[in-house]
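Open your viewer and get ready to select a few stretches one after another. Each stop tells you what to pick and what to look for.

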Amino acid sequence: MATSIVKSIELDFAEFASTLISDTLTAIITTAIAQEKQIAELEQEAMLTPQEYAKDQLTDNLIREEILRLFPSNAGGKSSVDKGEPYTGSITTLNSKSQNELSSINEEEYPLINKKTGYIVTNNDIVKTSDKFLITDTGYKNIFEAVKIAIANKHLSVLRQMFKRGIPRVYVNNGHIKSKLTLNFEQTTITTATKTVGLPRFTVQPIKATDPAILTLSGDVLSEIEISFKTVIP
């Protein structure tokens, strides 16, 4: 990992190096907190019922896309379970059948609503014309809800399986911080009760190597600092 930190002011070399390390540590901690927060939110989602998950996480557009995938139609932008689409199945006796008989009946249906969503079409979902049965608006809405719950169950199954195996976490193992800078040597004085002492002062100023202004910078030395680090997880 490489980080470039640019300041508009001059700093003592020790202060500058400390700033590089401190800012990098802050970035690592912030990332770790955000990661744990995201995992906690996923854990809360995994505890929802399919109905709650569908309400919070699934959009109508996503459900519509799944309907188009499950029940394609030759008509552009339509599905084979839209209102007015033909339906084939033993629907005239559905209300008098047991659950097992219903499943058997719907295996012969088209579109394959029961097989693909688990929903069993009832007389309320269709209307009979002179020669065929058509899916009603109520029928489409019921299929829409069935697809929604099917998607929610699928997502929840994946989430719960992830938590069962253990959620992976990403940590920074090692890396380095790199910054280009100018080095300046200055003479400073410290006055005591008996004498004045001259001391050298070493300052740095970060720069951008791609900045055209680098050509006009004045400094004793144009250099680069690179600090390697390793993250230790207690």
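**A short tour**

Begin with Ile126: its bridge partner is Ile135, which sits in S4. Keep in mind throughout that this is a predicted model.

Now widen your selection to S3 and to strand S4, residues 133–135. These two run in the antiparallel sense and are joined by three bridges.

Next, select Tyr110 and Pro111. Is the peptide bond between them cis or trans? From Tyr110 to Pro111 the bond is cis, with omega near 0°. For background, most peptide bonds are trans. To place Pro111, look in the loop between helix H4 (99–106) and helix H5 (113–117).

For the last stop, select helix H2, residues 50–57, together with helix H6, residues 137–165. They pack with their axes 9 Å apart, at an angle of about 100°. An angle from 65 to 115 degrees counts as roughly perpendicular, so that is how H2 lies relative to H6.

Show the side chains where these helices meet. On the H2 side, pick Pro50, Gln51, Tyr53 and Ala54. Their partners in H6 are Lys148, Ile149, Ala152, Asn153, His155, Leu156 and Leu159.

Definitions and conventions. Residues numbered from 1 in each chain as written. Predicted model: local features only at pLDDT ≥ 70, side-chain atom pairs only at ≥ 80, totals over all residues. Heavy atoms only, no water. Pairing = 2+ DSSP bridges. Helix = DSSP H or I, 4+ residues; strand = E, 2+ residues; numbered from the N terminus. Axes fitted to C-alpha atoms, helices over the stretch in contact; angles between N-to-C directions. Parallel < 35°, antiparallel > 145°, perpendicular 65-115°, else oblique. Contact = heavy atoms within 4.5 Å.
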